[in-house]
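Visitor: I am new to reading protein structures. Could you walk me through this one, step by step?

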Amino acid sequence: MAALAQDESDDGRDYEVLLFYKYCAFADRAAFRDAQQALCASLGLAGRLRVAEDGLNGVLGGRRAALEAYVAETTSTAPRHLGGGDTF
């Protein structure tokens, strides 16, 4: 589902980019979108996240620990937002 790309810059920051997609159907896209927006804000992540009829597509940037927390939280909470027997 996801791939981390590490920033090799010299400034010592631990900044990485997460690229991902997941084809699925959401029972309530608006609720999932709102939860994702709140999660990204709380973790200090920036980027683009599209919650579409056919799934989730995103490019997020931030500290590696924040991106790992995002993946863990999304994979654990997303199933309750899915409809039609999809898995996350």
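Guide: Let us start with a term: a residue is called buried when its relative accessible area is under 20%, exposed when over 50%, and partly exposed in between. Keep in mind that this is a predicted model.

Visitor: What share of the 88 residues in the protein is buried?
Guide: Buried means under 20% relative accessible area. Apply that cut-off to the 88 residues of the protein, and the buried share is 31%.

Visitor: In what order do the helices and strands run from the N terminus on?
Guide: The protein has two helices and four strands. Read from the N terminus, they follow the order β-β-α-β-β-α.

Visitor: Which way do H1 and H2 run relative to each other, roughly parallel or roughly antiparallel?
Guide: H1 covers residues 29-43 and H2 covers residues 64-77. Their axes are 10 Å apart and meet at an angle of about 155°. An angle over 145 degrees counts as roughly antiparallel. H1 and H2 are therefore roughly antiparallel.

Visitor: What is the hand of the crossing where H1 passes H2?
Guide: The packing angle is about 155°. As for the hand, H1 passes H2 in a crossing that is right-handed.

Visitor: Which residues in H2 does H1 meet?
Guide: Look at the H1 side to begin with: Phe32, Gln36, Leu39, Cys40 and Leu43 take part. Across from them in H2 sit Ala66, Ala69, Tyr70, Glu73 and Thr74.

Visitor: By class, how many residues in the contact of H1 with H2 are nonpolar?
Guide: Sort the contact of H1 with H2 by class: two residues are polar and one is charged. The nonpolar residues number seven.

Visitor: How many salt bridges does the structure hold?
Guide: One joins Glu16 to Arg64. Another joins Asp34 to Arg33. Arg64 and Glu68 also meet in a salt bridge. The structure's count of salt bridges is three.

Visitor: How many residues apart are Glu16 and Arg64?
Guide: The closest N and O atoms of this salt bridge are 2.7 Å apart. Glu16 lies in strand S2 (residues 15-23), while Arg64 is in helix H2. The pair links distant parts of the chain, with a separation of 48 residues.

Visitor: Is Glu16 buried or exposed?
Guide: The relative accessible area of Glu16 is 2%. The cut-off for buried is under 20%. Glu16, at 2%, is buried.

Visitor: Which residues are linked in a network of salt bridges?
Guide: Arg64 bridges to Glu16. Arg64 also bridges to Glu68. The linked residues are Glu16, Arg64 and Glu68.

Visitor: How far apart are the closest N and O atoms of Asp34 and Arg33?
Guide: Asp34 is partly exposed, with a relative accessible area of 39%. Arg33 is partly exposed too, at 42%. Their salt bridge has its closest N and O atoms at a distance of 3.0 Å.

Visitor: How far apart in space are Lys22 and Asp54?
Guide: Lys22 lies in strand S2. Lys22 and Asp54 are 32 residues apart in sequence. In space, C-alpha to C-alpha, the distance is 8.5 Å.

Conventions
Residues numbered from 1 in each chain as written. Predicted model: local features only at pLDDT ≥ 70, side-chain atom pairs only at ≥ 80, totals over all residues. Heavy atoms only, no water. Axes fitted to C-alpha atoms, helices over the stretch in contact; angles between N-to-C directions. Parallel < 35°, antiparallel > 145°, perpendicular 65-115°, else oblique. Left-handed = near helix turned anticlockwise from the far one by under 90°. Contact = heavy atoms within 4.5 Å. Nonpolar A, V, L, I, M, F, W, Y, C, P; charged D, E, K, R; others polar. Salt bridge = Lys/Arg side-chain N within 4 Å of Asp/Glu carboxyl O. Buried < 20%, exposed > 50% of the residue type's maximum accessible area, 1.4 Å probe, protein only.
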